2 protein chains.
Amino acid sequence: MLLYDSAVSGNCYKVRLLFAQLGLDYTRQEVDVVDRSGRDELLGELNPALRVPTLVLDDGRPLAESNAILWYFAEDTPYLPEDAYERAQVLQWLSFEQYSHEPNIAVARFWVSFAGGPPSPKALEGRQRGGYAALDAMEGHLATRSFVVAERYTIADIALYAYTHVADEGGFDLEPYPAIREWLGRVALQPGHVAIED
Amino acid sequence: MLLYDSAVSGNCYKVRLLFAQLGLDYTRQEVDVVDRSGRDELLGELNPALRVPTLVLDDGRPLAESNAILWYFAEDTPYLPEDAYERAQVLQWLSFEQYSHEPNIAVARFWVSFAGGPPSPKALEGRQRGGYAALDAMEGHLATRSFVVAERYTIADIALYAYTHVADEGGFDLEPYPAIREWLGRVALQPGHVAIED
């Protein structure tokens, strides 16, 4: 399989982490996430959204969006529950991550650590306010749980771990979030775990 | 079942449309999407993200995020394919809708039609630029297809229809998008279709 990848992207790291834990082989092709020129030529036929991760399966068929890739490969493995309600809860948290968490925490991190700064201080303030609201929601949820769904490690943990564990690179302080910090430690101890920089 | 709902929200409409087509009974409780005070008291125990739609199942268990609710109820119905790759494609487009489409088109519509105007002209320009990029991606995809995935009507069509068919309320002009307009017509002709205002 060929993964159009970015070494610094949490969305790509989600896929790399699951693939490592499943023992799947694949080739990585690095795509620039700052200079987006040439994306249409590179990804246009594979992913109308022109984003990474974009995966080409062994048979040549493309699949895009980190959560769709996670779901496809986690099916029938311990990383996705069988129970219909637990599966729906996994999807609820994957959706939360993409809508309420990533656009704030990942974008703030991109501006602060990779793009030379935010477009304006006010823009960064808005993303940090939204990011802390997402962290508040996670903290309340994890205060009484070991993992995000079903008291076991699933792709919901992988999806939320990706940008939460590097939130400091977006200027976020996790000190006031003890439940999140303990959960980050539990996730990092899972068999087959790899780091974002691996 | 009890649906915490908003009559004008496309995210809530997705759920109402699928429920109508599946013939499912439920009670609607309207939640104000402009005045968000009291959300924590109303939804805090049910949905950490404090958003609508939030659903309470017959047995009292909560489920949130429109795409998770669609997936849960479409499973084992004609609205979600059985093939693993087609299911992943459905999830790819659900993710695209929540990440690249809704935050632009739905937010522009909210500002223009429900919230008394955007925070700034520049903010609206940004959302419209992003919204047109999402429409461009849809147009290219639908130019050679009858429906979003698997050449049949699925929850991927429901999710993308919700805000695309009212994009004009956010200032978007669909005239340059003939494939989208024909697809909107096909979706509206599906058995059991209901309008957002129903």
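How many Å separate the centres of domain 1 of chain A and domain 2 of chain A, taken over C-alpha atoms? I looked this up to begin with, and the separation comes to 21 Å.

**Entry 1: what I am looking at**

I note that this is a predicted model, in which local features need pLDDT of at least 70 and side-chain atom pairs count only at pLDDT 80 or more, while totals for chains, interfaces and linings use all residues. Residues are numbered from 1 along each chain as its sequence is written, and chains are lettered from A and ligands numbered from 1 in the order in which they are written.

I checked the confidence next: chain A has a mean pLDDT of 97, with 100% of its residues at 70 or more, where pLDDT is the predictor's confidence in each residue, from 0 to 100. For the complex the predictor gives an ipTM of 0.95 and a pTM of 0.96.

**Entry 2: the fold of chain A**

I found 7 helices and 4 strands in chain A, running from the N terminus as β-α-β-α-β-β-α-α-α-α-α; helices (H or I, at least four residues) and strands (E, at least two) are DSSP runs, numbered from the N terminus. The radius of gyration of chain A is 16 Å, which agrees with the value near 16 Å that a compact globule of 198 residues would have; this radius is taken over C-alpha atoms, and the globule rule is 2.2 Å times the number of residues to the power 0.38. Along the principal axes, the C-alpha atoms of chain A fill a box of roughly 45 × 45 × 30 Å.

Of the 198 residues in chain A, 45% are buried, and I use the rule that a residue is buried if 20 or more other C-beta atoms lie within 10 Å of its own, exposed if 12 or fewer, and partly exposed in between, with C-beta atoms placed from the backbone.

**Entry 3: two domains in one chain**

Chain A is divided into domain 1 (2-74) and domain 2 (84-188), with bounds that come from an automatic or database domain assignment. I see that their contact takes 12 residues from domain 1 of chain A and 11 residues from domain 2 of chain A, two residues being in contact if their C-beta atoms, placed from the backbone, lie within 7 Å.

On the side of domain 1 of chain A that touches domain 2 of chain A, α1 (10-22) and α3 of chain A each supply at least two residues, and α1(A) gives the most, with 6 residues. By class, that side of domain 1 has 8 nonpolar, 3 polar and 1 charged residues; Ala, Val, Leu, Ile, Met, Phe, Trp, Tyr, Cys and Pro count as nonpolar, Asp, Glu, Lys and Arg as charged, and the others, Gly among them, as polar.

**Entry 4: where the chains meet**

I then turned to the pair of chains, in which 25 residues of chain A are in contact with 25 residues of chain B. The side of chain A that touches chain B draws at least two residues from each of β4 (62-64), α3 (66-74), α4 (84-113) and α5 (121-142) of chain A, and α4(A) gives the most to it, with 11 residues. The residues of this side divide into 15 nonpolar, 7 polar and 3 charged.

What relates the copies? A rotation of 180° with 0.0 Å of shift along its axis superposes chain A on chain B, with an RMSD of 0.0 Å, which is the relation of a two-fold axis; copies are superposed by least squares on the C-alpha atoms of residues with pLDDT of at least 70 in both. In chain A, the C-alpha nearest the axis belongs to Tyr99(A), 3.1 Å from it. The same surface serves both copies, since 100% of the contact residues of chain A recur in chain B.

**Entry 5: an enclosed helix**

**Entry 6: backbone details**

I noted a cis peptide bond joining Val52(A) and Pro53(A), with omega about 0°, and Pro53(A) has its place in the loop between α2 (39-43) and β3 (54-56) of chain A.
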